[in-house]
Amino acid sequence: MNRIARRSAAGGAAVLAAAGLLLATGCSDDNKDNENDTMASVTSMIGGGSTTTTGAGGTTTGEGTETTSGMATTSGTAAAGESTTISTPNGDITISGEVYKKYVAVGGASSPLGAPEEAQESGPNGGEYQDFDGGTIYWSSDSGAHIVWGEIREAWEDNGGANGTLGYPTSDEKDIAGGKQSDFTGGTITWVDGQITVTPK
């Protein structure tokens, strides 16, 4: 069963409400290609999105109320100027800075990322990350903001994540012959024919 399917009932409901198309992919190994294709179709839109800033009244999303303001509400290295607060079963959670820009670029709460699970946190070397129902956005000044999810994410975390030898992601998951690949500052992780391969530099 994949990471998305193992979520709690509340988190699973958010994913299904935000991206009902994942329901059709199921949890069996036979359907991993379909799910990965769905994930890849979202990441292929990266860079084409735009950010809309509204007043404090916010806009309604599938999971609750989203309020967008002109100021980032987190401290640290997040870029100021853009943020959103989303009402979730875990309370109101703010997304800001470069993580917010990436989140908007891939479709926000209606993408396979779904709703945020917790507040943004600091990563090693001044980086930041935030967990969502369907994956995590990691950002550092050297590598930019990228999404890690699915079995590639599990393998990366098993190897220490951003604190490990692979370091921060330098790409979103992309299609390769027979599967998917994510690049990191210290190597690559591929998923081909259901098999994960970690290749350090």
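Here are some notes on the cores, ring pairs and salt bridges in this predicted model.

1. Ground rules. Local features need pLDDT of at least 70 and side-chain atom pairs count only at pLDDT 80 or more, while totals for chains, interfaces and linings use all residues. Side-chain values use heavy atoms, with hydrogens and water left out, and residues are numbered from 1 along each chain as its sequence is written.

2. Main core. The largest nonpolar core has 14 residues. Such a core is a set of buried Ala, Val, Leu, Ile, Met, Phe, Trp, Tyr and Cys residues joined through side-chain atoms within 4.5 Å; buried is under 20% relative accessible area, exposed over 50%, and partly exposed in between, using a 1.4 Å probe and protein chains only. Among the residues with the most contacts inside this core are Ile95, Val99, Tyr103 and Phe132. Helix H3 (97–105), strand E7 (135–140) and strand E8 (144–148) each supply at least two of its residues, and H3 gives the largest share, three residues. Helices (H or I, at least four residues) and strands (E, at least two) are DSSP runs, numbered from the N terminus.

3. Second core. A separate core of 12 residues includes Val148, Trp156, Phe184 and Trp191.

4. Aromatic pairs. There are four of these: rings of Phe, Tyr and Trp (its six-membered ring) pair if their centres lie within 6.5 Å, and count as stacked under 30 degrees between planes, edge-to-face over 60 and tilted for the rest. Tyr103 and Phe132 are stacked, with centres 4.7 Å apart and planes at 20 degrees. Tyr103 is in H3 and Phe132 in strand E6 (residues 128–132), so this pair ties together parts 29 residues apart in sequence. Trp156 and Phe184 are stacked too, at 5.4 Å centre to centre and 20 degrees between the planes. Trp156 is buried at 0% relative accessible area and Phe184 at 1%.

5. Salt bridges. I'd look at these next: there are seven, each being a side-chain nitrogen of Lys or Arg within 4 Å of a carboxyl oxygen of Asp or Glu. In the Asp172–Lys102 bridge the closest N and O atoms are 2.7 Å apart. Asp172 sits in the loop between H4 and strand E9 (174–176) and Lys102 in helix H3, so the bridge ties together parts 70 residues apart in sequence. Asp172 is buried at 12%, and Lys102 is buried at 7%.

6. Within a helix. Arg153 and Glu157 bridge at 2.9 Å between the closest N and O atoms; both lie in helix H4, four residues apart, about one turn. Arg153 is buried at 2%, whereas Glu157 is partly exposed at 33%.
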